[in-house]
Amino acid sequence: MENFQDEKQRELSFNKSDGTNKFLTTDQGVKINDDNNSLKAGERGPSLLEDFILREKITHFDHERIPERIVHARGSGAHGFFEVTNPIPELTKAGFLQEAGLKTPVFTRFSTVAGSRGSTDLARDVRGFSVKFYTQEGIYDLVGNNIPVFFIQDAAKFPDLIHAVKPEPHNEMPQAASAHDTFWDFISLMPESMHMIMWVMSDRAIPRSYRMMEGFGVHTFRLINEAGKSSFVKFHWKPKLGTHAVAWDEAQKISGKNPDFHRQDLWEAIDTGNFPEWELGVQIIPSEDEEKYEFDLLDPTKLVPEELVPVTIVGRMVLNKNPDNFFAETEQIAFHPGHVVPGIDFSNDPLLQGRLFSYTDTQLSRLGSPNFHEIPINRSVAPVHNNQRDGHMRQEINVGRVSYHPNSLGGGCPYQAKIAEGGFSSFEERVDAHKIRGRSESFADHFGQAKLFFNSQTSTEKSHIIKALRFELGKVETAAIRLRMLGLLSQVDRDLAEKVAVGLGMKVPSILETPLNHGVSPENENGNQESKTVASSVASSDALTMLKNPTNTPTIASRKVAIIVADGVSEAAVTNIKKALLKEDAKGCIIAKNLGTVVTDTDGEIHVDFSFLTASSVLFDAVYIPDGLGINTLIENDDLNEFLNDAYKHCKVIAADGAASAVLSIAPFASKITNQDDGMIINSEVASESFAQKFIAAMGKHRFWEREPNLYN
Ligand code: HDE
């Protein structure tokens, strides 16, 4: 089979324009002689209406912005490819999954949900994880999130959820934050959201990097094989770099120091050849097992524990090229869960069914025309021929007089494809039911998997969830909302609720005071369902944790180390650590009081990458202070102390050797350092190989959370 990996790049290159060695022209191709002055009646006179060059330039500028996405406005994307490692022809006839080694070009966009396009990357939020596959059979979009479940069960509640979480309408505050009354008011009346709330209050919602997140298709989909047999499927992306987060205090500080933290991280990783990679896995549930589990496969607030159905890896995705133009590619890309290819189909998940309507509809207002599929980044590499015509900004010049089917004047073309010729056909599911507005009783369990999630977490992770809830509910001003939330939390775990309550200075209400159906007011009970708790058949699952997540490996590839120096620094120590880091594909950055250079102990010079003013501990994964007497001049430096304090507070590896050890021994946190803290590495011997190895091994553990006070224990 032909390999289409570069097909999309080839296609995009037709549309590229680069002004190098070219004349400046108008949009009509007329060469411009003066781009600095408008046409005037005399040097000091009024501008003339006839200045078509000025008018064209300003009119274009006036129309440069398009509406941002209603949700997922803030995002970053990259090109890459998907390669099949384990084909699954017995499960699906989708061409791009048929042959080991077959590569399909992709464009992947990551995003936050609630904030505006210019909001911070590090908001506590779900991350979007959308992949557009440019397959030979047409576009396939897997439009998922980094959390495997969702807040609500029915599409009808989506506008309410989003209105509640977005900045409040009267004063448009707060930006990119769920910590406010309207969000928690809604959640406290929606018990079905409790599983998702556990995930969003966990560190999954503050990833260290887009490259260190899992991705999930969330809904149950169908795979259809050549014989027409269907299986249910859940999609998973497993990151090669493991699943990691930052600390919440750190996330907030990053938002100030570098709101583009994730965007820059993705860009730099690809730019420096550290291509992010994920494995694509599937959980297959045979059709016969549709009703086998204690949860409903169609309920998007439930996941299928990997202990019940293991994840089988089918391929890998590598992102290896940054976009050339953010607007043309990342902003104009239009995803849609309804973009499927033969061999993939939908389930009756009512949230998915609603999405199938929403995405084309939103592109019509965002991109302004039903021709959005003609924008280069959205174009299929499979040929497109149909009788759709005209509309705003039509690119295609359809020739001939026939634009209808059936026709005889065009020889019947373009003609329909038989199923054997690759024509799409929907799974023939038998549907025989009353038309109702309602919800299946099998959706009534609102707490079973919230408990499973909480019980699966390590005590550090439980402590982080408690802290997150104290923060979020602490920002809620209406006491009744906090109280309702404590009631709901007590249904997940009494201890959790009690500990959150302490932070709020409140008491957990009794079960009788807790609304367990949607809406508290008696007059709006229509169609609402009483919540139940159905115990999960799996007691605990490591795949749900971040700290024990099976994706984690001790790699430090692409991590950043702050190397803090002053004049007199040991050149050997700096060279040694930089070399050791480079070997692991990690990077050491030199930080000093001022930019420029520092003079080493051997009278050499080292280039300074950042000053204390332009860097901050929260932008690095670890800190190292190499030997050198000059460092003592910084001992009283507030910036250095803040740097080290943050690194300690955020549980990062901190190392020093030789004379620099003195800096750590008088740091404000020195009295707290214990012998068990393998993340504090102090060495008297300078530039030793074993020191570098110890440092790298410690970084491989990511964080030393045991330093923090644990609220759960
Ligand atoms: Fe979306 N969602 N969504 N969503 N969604 C959009 O489409 C919508 C849902 C997701 O990088 C919008 O092009 C409805 C679940 C991602 O461009 C919009 C419902 C999941 C992205 C829309 C949902 C998602 C979107 C806004 C409930 C996880 C970003 C702009 C029925 C599986 C795609 C756009 C990108 C974007 C509607 C629920 C994921 C308005 C109505 C569940 C990753 O069409």
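Student: How many helices and strands does the protein chain have?

Tutor: The protein chain has 17 helices and 18 strands. Both are DSSP runs, numbered from the N terminus: helices are H or I with at least four residues, strands are E with at least two. Residues are numbered from 1 along each chain as its sequence is written. This is a predicted model, so local features need pLDDT of at least 70 and side-chain atom pairs count only at pLDDT 80 or more, while totals for chains, interfaces and linings use all residues; side-chain values use heavy atoms, without hydrogens or water.

Student: How do I read the overall size? What radius of gyration does the protein chain have?

Tutor: The radius of gyration is taken over C-alpha atoms, and the globule rule is 2.2 Å times the number of residues to the power 0.38. For 713 residues, a compact globule would come out near 27 Å; the protein chain has 28 Å, which agrees. Along the principal axes, the C-alpha atoms fill a box of roughly 90 × 80 × 60 Å.

Student: What share of the residues count as buried?

Tutor: First the terms: buried means under 20% relative accessible area, exposed means over 50%, and partly exposed is in between (1.4 Å probe, protein chains only). Here, 54% of the 713 residues count as buried.

Student: And contacts? What percentage join residues at least 24 apart?

Tutor: Contact means heavy atoms within 4.5 Å. Take contacts between residues at least 6 apart in sequence: 75% of them join residues at least 24 apart.

Student: Now the ligand. How many residues surround the ligand, and which are the closest?

Tutor: A residue is near a molecule if one of its heavy atoms lies within 4 Å of it. The ligand has 23 residues around it, and the closest are Arg69, Arg109, Ser358, Tyr359 and Gln363.

Student: How many residues of each class are in that shell?

Tutor: Ala, Val, Leu, Ile, Met, Phe, Trp, Tyr, Cys and Pro count as nonpolar; Asp, Glu, Lys and Arg as charged; the others, Gly among them, as polar. The shell has 10 nonpolar, 10 polar and 3 charged residues.

Student: Which elements each supply at least two residues of the shell?

Tutor: Strand S3 (127-135), strand S4 (138-145) and helix H9 (350-366) do. H9 gives the largest share, 6 residues.

Student: Which residue is the donor to the iron atom of the ligand?

Tutor: Donors are N, O and S atoms within 2.8 Å of the metal (3.2 Å for Na, K and Ca); water is not among the atoms, so sites may look incomplete. The iron has a single donor from the protein: the OH of Tyr359, 1.9 Å away. Tyr359 sits in helix H9.

Student: Which side chain has a polar atom 2.7 Å from an oxygen atom of the ligand?

Tutor: Arg109 does. Ser358 also has a polar side-chain atom by a ligand oxygen, at 3.1 Å. His72 places a side-chain N or O atom 3.4 Å from a ligand nitrogen. For such pairs, a polar contact means N or O atoms within 3.5 Å; within protein, one must be able to donate a hydrogen and the other to accept it, and residues adjacent in sequence count only if both atoms are side-chain atoms.

Student: Why is helix H4 said to be largely enclosed?

Tutor: Count its buried residues. In H4 (residues 181-188), 6 of the 8 are buried, so the rest of the structure largely encloses this helix. They are Asp181, Phe183, Trp184, Phe186, Ile187 and Ser188. These pack against helix H3 (158-165), helix H5 (194-200), helix H11 (459-474) and helix H12 (479-492).

Student: How many residues of helix H10 are buried?

Tutor: In H10 (residues 448-456), 7 of the 9 are, so H10 too is largely enclosed by the rest of the structure. Its buried residues pack against H5, H11, H12 and helix H13 (494-504).

Student: Is His244 buried or exposed?

Tutor: His244 is buried, at 8% relative accessible area. It lies in the loop between strand S7 (230-239) and H6. Beyond four places in sequence, the residues it touches include Pro207, Met546 and His702.

Student: What about backbone angles? Which peptide bonds are cis?

Tutor: Most residues other than glycine have a negative phi, and most peptide bonds are trans. The bond from His405 to Pro406 is cis, with omega near 5°. Cys413 and Pro414 are also joined by a cis bond, with omega about -10°. Pro406 lies in the loop between H9 and H10, and Pro414 is in the loop between H9 and H10 as well.

Student: What is the phi of Glu172?

Tutor: Glu172 has a positive phi of about 50°, although it is not a glycine. It counts as exposed, at 60% relative accessibility. Asp585 also has a positive phi, near 65°. Asp585 is partly exposed, at 46%.
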